[in-house]
Amino acid sequence: MQPAFSVIFLTTLIGMGQGLFLALYTGQVYFVLNVVDKVSTDTFYSIGSAASLGLLILGLVASVFHLGRPERAWRAAAMWRTSWLSREVIILPTVMGLIFLYGLVHYMGWNLTVLTIGAVVIDLSLLIGLVATLAVFSLYIATGMIYACLKFLQEWHSPLTVINYILLGAVSGFTLATLIAAYNQPELIPFFAGWSIVLLVLAFIFRGASLIRNKRLRPKSTIQTAIGIRHNQIKQKAMGFMGGSMNTRDFFHGKTAFFLRSIKSLFIILVFAIPLIMLIIALLKPSVMILAIATVSMYLGLLAERWYFFAEGNHPQNIYYQAIA
Amino acid sequence: MTQLALVIDLNVCVGCHACVTNCKEWNTSGSAGALSDDNPYGKDPTGTFFNRVQTYEVGQFPKTETVHFPKSCLHCEDPPCVPVCPTGASYKREEDGIVLVDYDKCIGCRYCSWACPYGAREIDEHQKVMKKCTLCVDRIYDENLPEAERQPACVLACPTTARVFGDVHDPDSEVSVAIREQGGYQLMPEWGTKPSNHYLPRRKNHVSYKKDELERVDNPLKKEDYQVDASEPSLDDVTSW
């Protein structure tokens, strides 16, 4: 496929924003359950929620550039029964609203105790956070399923697509949370950095699994099934026109195999190798600079990763557009 | 239930592109607005088309055959492009099975074109909405036209009658009979889209004769001297005198 930058920015930005919220909420749950004794301050939650919301808004803005008719975008909520894109369009504002509420409750300090179970005090923000967490996971699934549900794009048609959207979004969000902690509350760095490393390793395993799977795929559609002629040697001589069309522009990246391999190596270094080293350094000797490098490297790497993800999708319609004569 | 569709006979298509031209002409002149064309005579011509004729070479020289292959929307019975549409602009009509786009609802997100394995959908770069073959829905029900002309523009243009239009759910229609009796098939059956448009394969009429059909074994009047040994009496000689 031809990667569209609007969609690359949309998926990476909202993935990071959702991951950042998951990081904030994980910290809160760990504290409430007394797993850790480091409590995040309301300022930390507020900054974190604002940053998360900001990323989601940027993602939404990027998505508008993908539409031919953005003024009709509201119509996209109509077909939620059948379309994962429609579901995403509904869940994205819901997540934004819930994260706004979550940040607001922390910012205003509305620590209403809703329920007490033994020593565990469940307050309002914890409840809102729970609902927001469910919404965040629904959004990850909807975003991943937009691509995973297209069965003839075999590279995308796999549960690994959804898993990778979740893991890569989460790890980028947790890394950003570590950076925010370094600015605001350095005592939280080990907690977030530790989680980031765990997620980084998981993401590496699953993204690697997806790369291996896609390398071994054999296309189900061939020129024989495409035109229905049973012969081993069929060549297209003319696609029917000599200029370009949407069919020749939108479905192929137009880059060399070498370029593709370079992007793959680049994202493996930027998403996994550099942030891993930086996070380990940050665990030993925390510094804002080190974590800023980790976060920036990871985000740039995710742009490359998403570009590669789209470029790797091999659309069967390309069989019909091979030769000009 | 009706399912309108085209049956395209690859055996008689000569690749003249008349269907492409007439399709473009009819659909760029309709009430839905022009089908865009940029730099039609310039360096990088591009535009929106609903129908294309492609050419394939089958086999290796000198044993080759040239196959001209017209391709437009196949109006699948289970169209993968319809459920993915977030706005409901893409739909399949209940009454005749035509897959259409409501240009007033389409947001131009291109998701349906990703979901079509055949590459049948093209965005209009000026109206910024997705377009595709409508089976000339604005012709086939037009009662102002003579009945013989209530057919898609591509069908009317075809000089060799390689394109036949009709209801593939009616077992007695011309298209159903052609599919049934002439080996009609669907494109990319592996995805379960069940295209309504069918293609008729290249066919060659080989007549095979056996030797005894060319040479007469019996020769009652002994007019031709086919017999290997005419001096020996045959059974015919015995019965005919």
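**Exercise 1.** In which helix of chain A is the place of Pro190(A)?

*Solution.* Start with the ground rules: this is a predicted model, where local features need pLDDT of at least 70 and side-chain atom pairs count only at pLDDT 80 or more, while totals for chains, interfaces and linings use all residues. Residues are numbered from 1 along each chain as its sequence is written, chains are lettered from A and ligands numbered from 1 in the order in which they are written, and side-chain values use heavy atoms, leaving out hydrogens and water. Now find the residue: Pro190(A) sits in helix 6, residues 189-216. Helices here are DSSP runs of H or I with at least four residues, strands are runs of E with at least two, and both are numbered from the N terminus.

**Exercise 2.** Work out which elements chain A has, and in what order.

*Solution.* First, the count: 10 helices and 3 strands. Next, read from the N terminus: α-α-α-β-β-α-α-α-α-β-α-α-α.

**Exercise 3.** Classify Pro190(A) as buried, partly exposed or exposed.

*Solution.* Take the cut-offs: buried is under 20% relative accessible area, exposed is over 50%, and partly exposed lies in between (1.4 Å probe, protein chains only). Pro190(A) has 47%, so Pro190(A) is partly exposed.

**Exercise 4.** State how far Pro190(A) is from Ile91(A), in sequence and in space.

*Solution.* Along the sequence, the two are 99 residues apart. In space, C-alpha to C-alpha, Pro190(A) and Ile91(A) are 32 Å apart. For scale, the C-alpha trace of chain A spans about 75 × 45 × 30 Å along its principal axes.
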